[in-house]
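Please consult the sequence and the structure before reading each solution.

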Amino acid sequence: MSAEASGGGVESELSAGPVAGGVCVRAPVAGGVCVREEKPAAGLASSKYVKLNVGSSLHYTTVQTLRKEDSLLSSICDGHTEVTIDSEGWVVLDRCGRHFGLVLNFLRDGTVPLPDSTRELEEVLKEAQFYRVQGLVQHCLSTLQKRRSVYEGMCRIPMITSAKEEQMMIATCRKPVVKLQNNRGNNKYSYTSNSDDNLLKNIELFDKLGLRFNGRVLFMKDVLGDEICCWSFYGEGRKIAEVCCTSIVYATEKKQTKVEFPEARIFEETLNILIYENGRSSGPGGVALLESGMSSSPGAGQSEEEGAAGGGDRRVRRIHVRRHIMHDERGHGQQTVYKD
């Protein structure tokens with residue numbers, strides 16, 4: 001037999017090639033070495049088990065499982081969709097395999113627990129849409145709809161535990177910040193008769209403002225400082241205004257601490273801080289509104305101090321109740337003297 005005839009016989013024998021899942025794969029001779037080529041599969045109908053390589057994630061399942069829904073996977077099994085089978089018989093799918101196991105479990109059981117994270121759930125939805133598994137698509141869509149329709153009426157008000165935590169929260173928060181510092185335990189002096197009532201009124205107003213402007217303003221509570229009752233207003237990471245509600249009353253024999261309730265001024269400063277919402281204070285309108293708020297006159301019995309912090313709109317409006325009452329100790333009775 002000639003060499004030419006012998007070579008033709010070998011080529012004819014190899015042309016039949018090995019069969020992988022019903023797919024004939026060519027193995028041509030290259031320098032005497034048998035090389036197996038990858039070729040689109042004609043179908044996996046003759047196979048009972050299927051090996052899937054999805055983005056380096058390996059899965060071993062049955063054709064029966066893949067055929068449970070009229071999907072892309074069943075189309076691959078029937079040979080209607082061309083795929084690539086590597087030299088080891090793995091069906092290669094150019095797709096991320098992170099959620100493919102979840103897709104297979106849905107085909108096996110008809111249901112599957114979905115991720116708690118909305119982002120991961122949307123990723124599963126994308127995979128289900130790609131593989132055309134309509135049951136899983138509807139499951140993901142209905143779950144997303146339920147989660148979006150749930151009313152989340154939570155008003156979260158953080159409690160400051162340290163000065164460093166407070167600075168970090170204010171610096172990183174994109175919303176305006178209102179902080180109420182109250183420390184009833186700071187009983188250095190005795191309180192006047194209505195101070196406790198006014199302190200409770202300040203706390204109640206803080207709760208009402210928190211409910212009203214929840215989502216637009218970050219409200220914080222601070223019970224660690226020295227101030228008995230003080231409101232602070234922040235915008236773009238810096239303090240804009242401050243309302244101190246305490247003063248000292250000098251009586252005949254002792255000092256007393258008086259707590260005020262400047263409700264109108266607190267509400268005004270809360271409205272003023274809204275101009276820093278979404279960075280709107282950077283425009284000319286925000287600066288003009290800020291300056292108009294600075295020029296407003298303080299209420300009766302109050303004194304307004306503006307601490308310069310660079311000039312212009314960088315000043316902090318500090319409103320303090322500074323009226324000190326002294327009772328004269330003359331024998332004809334007590335004469336009340338007001339001192340600023």
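Angles under 35 degrees count as roughly parallel, over 145 as roughly antiparallel, 65 to 115 as roughly perpendicular and the rest as oblique. The model is predicted: local features need pLDDT of at least 70, side-chain atom pairs count only at pLDDT 80 or more, and totals for chains, interfaces and linings use all residues. Residues are numbered from 1 along each chain as its sequence is written, and side-chain values use heavy atoms, without hydrogens or water.

**Exercise 1.** Determine how α5 and α6 are oriented to each other.

Solution. Helices (H or I, at least four residues) and strands (E, at least two) are DSSP runs, numbered from the N terminus. Axes are lines fitted to C-alpha atoms, for helices over the stretch in contact, and angles run from 0 to 180 degrees between N-to-C directions. Helix α5 (residues 118-131) packs against helix α6 (residues 134-149) at about 155°, and their axes are 9 Å apart. The two helices α5 and α6 are therefore roughly antiparallel.

**Exercise 2.** Identify residues of α5 that meet α6.

Solution. With contact meaning heavy atoms within 4.5 Å, the α5 residues include L121, V124 and L125, and the α6 residues include L136, V137 and L144.

**Exercise 3.** In what order do the four strands lie in the open sheet?

Solution. Two strands pair if DSSP finds at least two bridges between them. The order is β6-β5-β8-β7, with mixed pairing. At the edges, β6 (57-62) and β7 (84-85) each pair on one side only. Strands β5 (residues 49-54) and β8 (residues 91-93) pair in the parallel sense over three bridges; N53 has V92 in β8 as its bridge partner. Helix α4 (residues 100-109) packs on the sheet, touching β5 and β6, and its direction makes about 10° with that of β6.
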